[in-house]
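Let me put the sequence and the model up on the screen, and then I'll walk you through a few spots.

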Amino acid sequence: MISGHEERGGSNREDQEPASFHEPSALTEREFLGYQKLVHREAGIWLSEAKRALLMGRVARRLRELGGLSFGAYLKRVEEDEAERVRLLDALCTHETHFFREPRHFELLEREVLPHWRAQRDTGNGEGRRVRVWSAGCSTGEEPFTLAMVLRHHLPAEEGWHIDILATDLSTRILEQARRALWPLDKSREIPKPYLRYMLKGTGSQEGRMKAGPELRSLVRFQRVNLNDGHGVVGRFDLVFCRNVLIYFDAASKARALERLVEHLSPRGLLFLGHSESLTGLGWKFRTVMPTVYALRALAGEAAPRG
Ligand SMILES: C[S@@+](CC[C@H](N)C(=O)[O-])C[C@H]1O[C@@H](n2cnc3c(N)ncnc32)[C@H](O)[C@@H]1O
């Protein structure tokens, strides 16, 4: 059967008659609203009308894999099947990232934050310090591994520094990629020269690839975390990076996600957001260290603004 019109209107007929050559049926308004609601409820991500084409394109690929399911039938399936829901969210998220993205953030670490931590330690009892960092929405790993390079370089193990980087994402597929810590060699151009020594260049069957060395890999652990729910992250972090993730959320979900992130920031910790993001409604809790980098205000003597 290679006919377009019979598939429109969300008919289930193609569930029983998988056809491999036709385009998926049209997405009805009702189905679009159904996907919008589901993605918002699950991930906090708001699919505006402008995202309709993106939704159709990405879901259509999956519909073809499933033998020509309709948008309507697939919506029903993702409502009932958690694994398929995870897969849908994977397909809809934007995973664009690169090493040393928004370099000013890493310059701040190199020039101010890490020297300050070192100086503090030097005036203390000389014991090693544990540094905890969370890369929330880590995509394919470039962000947590950039952090690993910068922190290891400036806080050497020989001086007793313990570095623990938690890299989390909603997408299981993307987390698997991040965990492999393997990228095309071209990506080495994004890494400043002094840091390249932490990467391994592939040879033989790995020609054209680059892998994080064992020292870096030992610093990063991975966990699937949905920033839109209560998530199972434990403890507080000295640095929380949540960049270019909450831009896809609607305002209320973003505010709730930020509240939860803040609970995991140590009192002297820093929160890093993406270049176009802000602290909707939470500004009073923070002072701005530089644009998109925030420190918690001291609790004593700081009051929330009225109104
Ligand atoms: C554009 S990438 C940003 C990667 C990196 N932080 C950066 O700035 O380069 C956004 C990532 O956020 C993840 N994401 C989207 N919604 C999420 C959610 N509700 N919880 C956790 N991660 C989410 C996506 O899977 C994607 O990998």
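Predicted model: local features only at pLDDT ≥ 70, side-chain atom pairs only at ≥ 80, totals over all residues.

Residues are numbered from 1 along each chain as its sequence is written.

Strands here are DSSP runs of E, at least two residues, and helices are runs of H or I, at least four, numbered from the N terminus. Two strands pair if DSSP finds at least two bridges between them. β4 pairs with β5 (residues 209–212) over 3 bridges, antiparallel, and if you look across from K201 you'll find M210 in β5.

Next, strand β10 (residues 293–296). It pairs antiparallel with β8 (residues 265–273) over 3 bridges, where L270 faces A295. β10 also pairs antiparallel with β9 (residues 286–290), over 4 bridges, and there M290 is opposite V293. The β9 and β10 hairpin has 2 residues between the strands, and T292 takes a positive phi near 70°.

Now the helices. The axes of α2 (residues 29–43) and α5 (residues 82–92) come within 11 Å and cross at roughly 95°. That makes them roughly perpendicular, a label for angles from 65 to 115 degrees. V39, E42 and A43 in α2 meet R85, L89 and L92 in α5, contact being C-beta atoms, placed from the backbone, within 7 Å. By class that's 4 nonpolar, no polar and 2 charged residues. Nonpolar covers Ala, Val, Leu, Ile, Met, Phe, Trp, Tyr, Cys and Pro; charged is Asp, Glu, Lys and Arg; the others, Gly among them, are polar.

Last stop, the ligand. 25 residues surround it, with C93, T97, G137, S139 and L170 the closest; near means a C-beta atom, placed from the backbone, within 6 Å. The shell has 9 nonpolar, 11 polar and 5 charged residues. Domain 1 (5–92) and domain 2 (103–296) each supply at least three of the shell residues, with bounds from an automatic or database domain assignment.

Key
Axes fitted to C-alpha atoms, helices over the stretch in contact; angles between N-to-C directions. Parallel < 35°, antiparallel > 145°, perpendicular 65-115°, else oblique. Contact = placed C-beta atoms within 7 Å.
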